[in-house]
Each structure stands twice: as C-alpha cells, then as structure tokens.
Amino acid sequence: MDYIRTEADGQLALTQSKEYLVLPSCLYGFHNNETTVETAKSGRIIYCHKGTLDIPEEERICSCGQRMHINSHPDIYIRHLCIGGNLSGLLFPHNQLRCPRCGATKSQFISFKTDGHLITDALHQYTCDLLARGTYTNKQVAEITGLGKNTVKEIDKKRLQSIYTTDNGKKLIKPEKQAKYLGIDEFKLHNGRRYATHIIDLESGHVLWIQNGKSKQVVYDFIEHVGMEWMSGVEAVACDMNSDFQEAFEEKCYWIQPVFDYFHIVKNVVSEVRKDEQRRLYEEGNIEAARALKKTRYILMSKRSTLQKKDEDAVSERVIHKGSPLFKTEDIKRKSGYEAKYDALLQENKLLFTLDLVKEKLSAAYAMTDEAKMADAIIDIMDICKATGNKHLLWFGKLLDNHFVGIIAHATFKISSGKIEGINQKIKTLRRHGYGYPDDEYFFLKICQESVIT
C-alpha cells in the first residue's frame, strides 16, 4: 500500500487505485515513503505510515540570525485517524535543530500535531466531536478512536473548560441570559459523605453554578460570581427545606422569594410515618402488615391520579391488539397494581389513611393560584395534623407553619424543583456510566454539559 501527498490540500491519497481514497488529514509537509501493516496488543490492525517531514527554511533561522543545523533526528510516532475499524499512525524523524553561534536548540515544529498529545489535529477534533454528542462514555470513545482513557479524559476536560470556563478553567462563565427563576439543590459526591450544590435556571434547565459543599457560602459565592445587577432580575428560587439556602438568599437578596414545592414537603412526613408504622407493627408481632409497608415509599408519596396513570400505562402495554378477544374493556378499566396496593394500605392502617387525607388536601392547595385561599387551605391541614396527636403529623404541622410564606408563594410563582431533580437523576446516570469521577472539577464540567443536552 502506498501513499502520496497532494500539493493542493496536503492530504494523503491511496495510489494503488484508479480512484484515490482521500483522508481528511491535512498533513502538510509530510511525505509518506512506506506503509506497513502491524498488529496492536489489543488485536486491532495498525497502518503505520512511515516518511519524512519537511523543514521550512525560515524555521532553520535562529533568533540570533544564524542558520541552524540538524543536531539529531529521533523518530516520533503520532496517532492519526482510524481507517474504518483499523488504527493508523505516522512514523518519521523529528529533527532537533542547533545554532552553531549561540548554541540554542529547538525541536522541529509539527503543524498537524495537537498540543499536549502525540496525536494529529484531525484525530483530536474527531475525538472532541464524539465527546460533544453526549451519547458516548469516555470508555466508548477510547475504544472507537484507539486512544487511552486518560488521554480521552484530558481532551474532554480541556474541551469542556473552553466552553464553560474562563481564566484557563479557573472560573465558570457568567450566564449570558437573565434568569427569572432559579433552582438550587445539593447532591452526593463519591461515597455519599461529601456533597456539592448546583444552581440552575429553571426556564432553560442550564446549570449556572456548581460548587463543593451545601452551606450558605455556596449561595454567597454564586451571587458574587453573577453580580447584584444580574441578581436584581431574579424573582424567586425553588428549593427544599435546607434553611441555609433560604437564609443566604434572604440575607443577600431580600426581594427573592424562596418557594417550597409539594414533593419536598410530602417527602418529609411520608418517610417518617412509614418507618415508624413499620417499626410499630414489627414490635406488635404483625409481621405480615409490616412487610407490606416495604418498598411502598413511592406509592405513599404519589398522588392518586399518578398511580392511576401508572396502572393505565401498565395495562396498555399488555394490550397487543385492541380488537383481540384476549383483552376486554373491563380488563383495561379495572384497577391493577399501584392503586389497588395503595387502597389496601389505607384500609389496613388508620394513620396512613389520615396521611392520605393530608396529602390530598396539600395537593389541592398546591393547585390554587390565590395566596389567600392557599393560606386558608394550609392552615386547615395544620389543624388536622394537630388533631391527630401523632408526633410525626404534629412535627409536619410545625414544618408547614415554619415555612408558611415559602409554601403559599407557590400560588403566585408556580415553580417547583422538578427540573433540578431531573438533573440530579442525570448526575446519577452520568456517575454510573463513568464508573465514578474522582476529579470533581471534571465531574462538574460534565454536569454542565448534561444540563445543556436535551
């Protein structure tokens, strides 16, 4: 197999064919004299293009004005674009130049080599294109390109820094668009003993800030990053019951209204009541009833309408043909699965029945668009919790009272943490696909990319 360099575009072309196979390489100055076929340790075929590299006359001139001569010429191997499923590389002498007058030395410049890696610009760009798609893991990109996983990671990190950071990767770029509503939440890092916090634009879903920790300092640093002029355009922030986040926004930007969504409020009471009831049933010896409460957190937290939709979807998936005699209309309409189990739990446990009443009333309150009416509905729920005498519902009533303003604010702003919870799920998937990311800086940049990919 033989290659030649075309003068028009500096590309390589196969000569053993009437129609040349042009590779998008732009290897200017490289002359391919011989191509050998070798086998890598992985078993893949490698096309090794051996040749020489021109030295422009202007490159031979030293800064002192003297013409430099070749001092040595060790071989250099540079990885190039794959040819189908096969690898390819360039092997040529890399000349070292020395000035006879001042003794200065330098290596011959290789125009088609990317900075920091022994690969061509074309292969570097191809790797970046694969990474930018967001559908391939680093391991998959490494397998496609034949590069090492560490090399792929370094390329990806530098690529992401060029997109999302300034000052050579030291700072995140400032938001280009003014955000009206923000969302803030923490997520676990590594083994769960450490946390990080991210702040997003609720309208676009893009991550605006991400930092280690879950204290007030995260909010302070974000406000300093975007500036008070930008923050003046923010009206509300969706958050959970983390008082640090709420207090930090109230201290620095008093006009921003914290809003607590339905999910985070219900989660607090459902989890505790379920665990307490399960513990009580075990102590009373009612093992069967206690086991029935296992893995019911999702069911107890969900609205009845959500459970009904789940059941309808489950039944629809079993209907192969609507006209099939195997499936009747009664089968489709009947209860199956989630709602039936939910009703069974309520019938067996009076406290869960009361909890269901509180949950449904809270759901109805969150559908209101008038703060005064929503305030009355929340006060009614607080009275019900007080009347039960249950320690968890009493605690829940106090929780509603302590966060009253942020709860009824939902009637005006109609925002929730749903979008930021979606990003949290993306973070878990990203960590699982990448088998963990020990480099926090790189992990944060990957999260920024995930929030942009739709």
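Biologist: How many helices and strands are there in the protein chain?

Modeller: This is a predicted model, in which local features need pLDDT of at least 70 and side-chain atom pairs count only at pLDDT 80 or more, while totals for chains, interfaces and linings use all residues. Residues are numbered from 1 along each chain as its sequence is written, and side-chain values use heavy atoms, with hydrogens and water left out. Helices (H or I, at least four residues) and strands (E, at least two) are DSSP runs, numbered from the N terminus. On that basis the protein chain has 19 helices and 17 strands.

Biologist: What share of the residues of the protein chain counts as buried?

Modeller: Buried means under 20% relative accessible area, exposed over 50%, and partly exposed in between (1.4 Å probe, protein chains only). Of the 454 residues of the protein chain, the buried share is 46%.

Biologist: Is helix H19 mostly covered or uncovered?

Modeller: Helix H19 spans residues 440–452. Its buried residues include Tyr 442, Phe 443, Phe 444 and Leu 445, and also Asp 440 and Lys 446. With eleven of its 13 residues buried, H19 is mostly covered.

Biologist: Which residue caps the N-terminal end of H19?

Modeller: A polar contact is a pair of N or O atoms within 3.5 Å; within protein, one must be able to donate a hydrogen and the other to accept it, and residues adjacent in sequence count only if both atoms are side-chain atoms. Here a side-chain oxygen lies 3.2 Å from the backbone nitrogen of Glu 441, and the residue that supplies this oxygen is Asp 439.

Biologist: Which residue in the turn between E4 and E5 has a positive phi?

Modeller: Two strands pair if DSSP finds at least two bridges between them. Strand E4 (residues 30–39) and strand E5 (residues 45–53) run antiparallel and are joined by nine bridges, with Val 37 opposite Tyr 47. They form a hairpin with five residues between them, and the turn residue with a positive phi, of about 95°, is Gly 43.

Biologist: In which sense do E5 and strand E8 pair?

Modeller: Cys 48 stands opposite Gly 89 in E8. Over five bridges, E5 and E8 (residues 86–93) pair in the parallel sense.

Definitions and conventions: Expected span 1.5 Å × (residues − 1).
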